[in-house]
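Dear colleague,

I am passing on a structure for you to look over, with notes on its charged side chains below. Please read the notes with the model open beside you.

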Amino acid sequence: MARAGQSRLAETMGYRLHYEQDGAAVVTLPYNARLDNGADALHGGILATLVDGSAWYALAPHYATRITTVELQARLVAPAAGVEVRAVGRVIRAGRRVGVAEVEVFSADGRLIATGCGSFVATSRPLEIPPDALVPEPGPAPRPGDEVTE
């Protein structure tokens with residue numbers, strides 16, 4: 001497993017990131033009562049943020065420039081009350097300019113809490129990786145004739 005440097009959002013929310021051998025980005029959020037909603041379960045906006053983040057982390061190593069979210073969908077399927085959650089992002093397609101990733105969010109006991117997906121577009125801004133960050137190597141560049149998602 002490779003480790004990645006922490007972003008400001010990761011520090012604020014308290015989540016950790018690592019990559020699995022298959023390249024999946026795993027964002028783990030320990031339980032924090034300050035992130036609960038009025039029903040004492042993890043707020044849906046926090047779950048949507050985990051979907052966005054783990055999808056971004058899954059796709060980012062495939063691009064030489066920064067990517068940004070252009071579409072995000074989160075489906076909340078069960079409450080997460082008083083438990084650590086883990087969001088697993090996997091690349092569906094990494095085109096030249098547009099990438100798509102899917103995410104599943106699980107409770108510490110393995111229950112499915114949320115699913116989602118995100119679309120991201122490559123920008124002209126350089127991808128700035130902190131010196132202490134290790135991320136998977138970018139995949140091969142698309143070849144002439146490859147289908148490109150725009």
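This is a predicted model: local features need pLDDT of at least 70, side-chain atom pairs count only at pLDDT 80 or more; totals for chains, interfaces and linings use all residues.

Residues are numbered from 1 along each chain as its sequence is written, and side-chain values use heavy atoms, with hydrogens and water left out.

The structure contains three salt bridges, a salt bridge being a side-chain nitrogen of Lys or Arg within 4 Å of a carboxyl oxygen of Asp or Glu.

In one of them, Arg16 pairs with Glu84, with 3.7 Å between the closest N and O atoms. Because Arg16 belongs to strand 2 (residues 16–19) and Glu84 to the loop between strand 4 (65–76) and strand 5 (85–94), the pair ties together parts that are 68 residues apart in sequence; strands here are DSSP runs (E, at least two residues), numbered from the N terminus. Arg16 is partly exposed at 39% relative accessibility, and Glu84 is partly exposed at 32%, where buried means under 20% relative accessible area, exposed over 50% and partly exposed in between (1.4 Å probe, protein chains only).

Asp22 forms a salt bridge with Arg90, the closest N and O atoms lying 3.4 Å apart. This pair links distant parts of the chain, 68 residues apart, with Asp22 in the loop between strand 2 and strand 3 (25–29) and Arg90 in strand 5. Asp22 is exposed at 54%, whereas Arg90 is partly exposed at 34%.

Asp109 and Arg111 also meet in a salt bridge, at 3.5 Å from N to O.

Best regards

Key
Helices (H or I, at least four residues) and strands (E, at least two) are DSSP runs, numbered from the N terminus.
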